[in-house]
Amino acid sequence: MIYHSTRDEKLTAAPTRAVLEGIAPDGGLYVCDPGKLDFDWQGTLQKDTMSMAADILGVLLPDFQDMNELVRASYAGKFASDDLTPLVPVGERYVLELYHGPTSAFKDVALSVLPRLVSAAAKQEGAGDVVILTATSGDTGKAALEGFHDVPGTRIMVFYPAGGVSPVQEAQMVTQEGGNVRVCAIRGNFDDAQTGVKNVFAACKGKDLHGAVLSSANSINIGRLAPQVVYYFRAYADLVQAGRIRVGEKVHFVVPTGNFGDILAGYFAKRMGLPVGRLVCASNANDVLTEFISTGVYDRRRPFYKTTSPSMDILVSSNLERLLYLLSEGDCGYVAGLMEQLNREGHYQVSPQLLERLQAEFDCACCDDAGAAEVIRRLWQEQHYLCDPHTAVAWSAAEQVRLEDGAPVMVLSTASPYKFPAAVLGALEGGCDGDEFAMMERLHRLTGTEVPRNLAGLQGRPVRHRDVIDKEQMLDYVLAEVMRS
């Protein structure tokens, strides 16, 4: 199977090369049509999670050798159980908890696998050192650092918006150990960081990097996106095994998303055969995706809000490009034109035909901080279920869209509530003060829920990374690292 750029079908790459490069030479994203893959989706539902993951990654990334061993080695001892992502009934809905990995965020599911994919790809492609460049709105950074630290033949550089992540998220990153890691804050927001990383890739095209290869741990890398498809199949299989549905009956998924990767993985699963009903895109006050799905107009020229759900504080949703490719039936020229207009003018509008296809698959809703706090408080009072602000946004979206056809509704939960103790404690008590580590302890005493071990151990760890730069300095910063001996 061959991948190619979303903007030019002639720019092709084998799966190993696509993972290694992260982004296509023209700035597009590597893509295939999952609907054209030969995949026994019903057969994979009968398997355990590790075998299921090997099946799915094997068909999406077929050039990798011994995928079964790669998957098992990636997850060994890192998650609370071998099932990775437990399904929890809450009221009349289900919550798919994706945060039981080493950094308490859903990114662990993919970023436990990606380092081994990158290492395997580098070996098969005969590449030198791989330098991972990552922009983060909070969770990707730590999960990528956890996955790549001290991995032979790799270096990783993480950029995050100064003041744009929670104190706990920042502490997770700036205390990271490892001889091959760099963490740097930029003066700007996540979109600035993400655009900066893309610009670095473009500027380094054709440049002699002393044998190094640049790659990405963001979901622009197909090797990061593909593992996320697995938990949609796992959740569906769990409902079948519980007797809630029969194979072939549909399930609705509600996904809190900013960069559109998590929900796109669900669409990939649907095109691969999984009976997914509606995919509901849940946004916070940065509601660019809500407007797009509602009207077909994508417009990043709007105020940027710092919210209590910072991982969704995004106005340029990179993975939407892959969806545009699939919904336009593979029209690379059309996608390239939209992306060029977005870069030049800050907005675009899709055709009526594409909007119709979009709305046939996706619903949308948004929720501000006050609404998320109300959901956190109500779910604890009524269901004794504690959730983080991102999950609360998704729960609110599920209530707003009102999927009432009898099919199960699954809300994806992307982070432990202890990653955002100020927001969660504030929702429960109406106000809070002090540092976030003290808030974790107060939240634990109030609810009796357990603080994840990786978060409880953060306090007092030495800060190892203090760099702060302007966004315009990112290229020089990267080159200084890449070129060092």
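Tutor: The largest pocket has a volume of about 1,100 Å³. A pocket here is an open set of points on a 1 Å grid over the protein atoms alone, where a 1.4 Å probe fits, with protein on both sides within 12 Å along at least five of seven lines. Its volume is the space filled by probe spheres set on the points, which are joined across faces, edges and corners.

Student: Which residues are the closest to its centre?

Tutor: Of the 45 lining residues, those are Ile23, Gly27, Lys198, Asn199 and Ala202; a lining residue has an atom within 4 Å of a point. This is a predicted model, in which local features need pLDDT of at least 70 and side-chain atom pairs pLDDT 80 or more, while totals for chains, interfaces and linings use all residues. Residues are numbered from 1 along each chain as its sequence is written, and side-chain values use heavy atoms, without hydrogens and water.

Student: Which helix supplies the largest share of the lining?

Tutor: Helix H9 does, with 12 residues. Helices (H or I, at least four residues) and strands (E, at least two) are DSSP runs numbered from the N terminus. The lining divides into 22 nonpolar, 10 polar and 13 charged residues; Ala, Val, Leu, Ile, Met, Phe, Trp, Tyr, Cys and Pro count as nonpolar, Asp, Glu, Lys and Arg as charged, and the others, Gly among them, as polar.

Student: Changing topic, in what order do the strands of the open sheet run?

Tutor: The order of the 6 strands is S4-S5-S15-S10-S11-S14, with mixed pairing; two strands pair if DSSP finds at least two bridges between them. S4 and S14 stand at the edges with a single partner strand each, so one side of each has no neighbour in the sheet.

Student: And how do S11 and S14 pair?

Tutor: They are parallel, over 5 bridges. Phenylalanine 362 in S14 is the bridge partner of leucine 279.

Student: What lies across those two strands?

Tutor: Helix H13 does, running at about 140 degrees to S14. Angles run from 0 to 180 degrees between N-to-C directions, with axes fitted to C-alpha atoms, for helices over the stretch in contact.

Student: Which residues of H13 are buried?

Tutor: Val288, Leu289, Thr290, Phe292 and Ile293 are, buried meaning under 20% relative accessible area with a 1.4 Å probe, protein chains only. Their cover includes strand S12 and helix H16, where contact means heavy atoms within 4.5 Å. Just after H13, glycine 296 takes a positive phi of about 85 degrees.

Key:
Buried < 20%, exposed > 50% of the residue type's maximum accessible area, 1.4 Å probe, protein only.
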